[in-house]
Amino acid sequence: MVPIVEVKGARIPAIGLGTMTLKGDVCVEAVNAALKMGYRHLDTAVFYGNEAEVGEGIRKSGVSRDEIFLTTKVPHSDLAPGDFEASVEGSLKRLGLPHVDLLLIHWPNPDIPPPVYIPALCKAKRSGQTRHIGVANFTISLLEEAEALADEPIVNNQIETHPFVDHRTILAYCKGRGISVTGYCPLGRGRIPGNAVLERIAKTHGKTEAQIALRFLVQEGVVPIPRTATPEKLKANLDIFGFMLADSEMTDIRRLAEPEGRIVKPPQSPKWDS
Ligand SMILES: NC(=O)c1ccc[n+]([C@@H]2O[C@H](COP(=O)([O-])OP(=O)(O)OC[C@H]3O[C@@H](n4cnc5c(N)ncnc54)[C@H](OP(=O)(O)O)[C@@H]3O)[C@@H](O)[C@H]2O)c1
């Protein structure tokens, strides 16, 4: 059983399956296999072009919908009135479901400020299209603005977190506000294996470097959503709850953060908190 992170009424399984780049049957089978082996948290988005396959994988697994925590996202290009509602309706239609568990704003948009779309996000919750609402790639100032505008709780901020990026400032802020943090690119998109520090710690615990990187995030209070369609890796990524990293090991991993360690840098990126 995967532990649960509980915030503001949301019960989020402490690890999820990322699905970006997973397409067609590969995506259906990855979701099906993940759910059958115990995953209960799935992350998709309009942008990934695989919501239909994620829905199909859920149905194929036979796992009860009530047991699954499913996230999708509204793209930054669809935040204007009308576009927002059409985006959410399109997601639910493709997924073949009446609601998701978490609806996120995928990226802030420098040309469409939060007052334009935060009321629509809250309305999506009240209308039952999502159980909870949140944001992704939001900085402290954007979160402050979003929370001031929202009349429903913002339960989550999904951000890039892995050992090579410094997430301390935004993480401390979210913790202070009771906002859970989902960590994307938790394996640095494949950069983790081969790192000497992670390798040394992995040997100590009889684990892989990827498992150490995921465990590090869990102990930082982050919910990682690693992506893979390979059954062995799916299984390994789930097997991170039976051991603890020592404080000294956590410190050694935190020291791997680099000023230029961020991987995802699209043009709509906000000015990140230092
Ligand atoms: N909100 C956002 O803006 C945003 C941005 C980016 C991503 N995301 C979400 O976050 C998820 C994860 O990020 P990501 O997909 O970019 O990168 P990631 O999960 O950090 O890395 C994926 C890579 O790690 C490899 N991998 C997985 N498990 C492994 C293991 N146990 N051992 C060794 N290698 C392993 C995979 O290899 P194989 O493919 O060979 O299995 C793949 O190449 C996405 O899928 C998406 O759902 C959100």
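Which residues in α1 meet which residues in α2? In this predicted model, the α1 side of the contact is formed by G24, C27, V28, A30, V31, N32, L35 and K36, and these meet E53, V54, E56, G57, I58, K60 and S61 in α2. By residue class, the contact of α1 with α2 divides into 7 nonpolar, 4 polar and 4 charged residues. Helix α1 spans residues 24–37 and helix α2 spans residues 51–61, and the axes of the two helices come within 8 Å of each other and cross at roughly 40°. Because angles from 65 to 115 degrees count as roughly perpendicular and those under 35 degrees as roughly parallel, a crossing of roughly 40° makes α1 oblique to α2. The crossing in which α1 passes α2 is right-handed.

The contact involves L198, E199, I201, A202 and H205 in α7, which meet E209, I212 and A213 in α8. Its residues divide into 5 nonpolar, 1 polar and 2 charged.

Helix α8 covers residues 209–220 and includes A213. With 31 other C-beta atoms within 10 Å, A213 is buried, because the cut-off for a buried residue is 20 or more such atoms. When residues up to four places away in sequence are not counted, A213 touches H162, P163, P186, L187, I192 and L198; one of these, L198, belongs to the α7 side of the contact with α8. The C-alpha atom of A213 is separated by 26 Å from that of V54, the two residues being 159 residues apart along the chain, and V54 is itself among the α2 residues that meet α1.

The surroundings of the ligand were also examined. The ligand is surrounded by 27 residues, of which the closest are G18, M20, Y184, R227 and T228. Helix α9, which runs over residues 231–238, gives the most to this shell, with 3 residues. In terms of residue class, the shell around the ligand divides into 12 nonpolar, 11 polar and 4 charged residues.

Terms used:
Residues numbered from 1 in each chain as written. Predicted model: local features only at pLDDT ≥ 70, side-chain atom pairs only at ≥ 80, totals over all residues. Near = placed C-beta within 6 Å. Helix = DSSP H or I, 4+ residues; strand = E, 2+ residues; numbered from the N terminus. Nonpolar A, V, L, I, M, F, W, Y, C, P; charged D, E, K, R; others polar. Axes fitted to C-alpha atoms, helices over the stretch in contact; angles between N-to-C directions. Parallel < 35°, antiparallel > 145°, perpendicular 65-115°, else oblique. Left-handed = near helix turned anticlockwise from the far one by under 90°. Contact = placed C-beta atoms within 7 Å. Buried ≥ 20, exposed ≤ 12 C-beta atoms within 10 Å, placed from the backbone.
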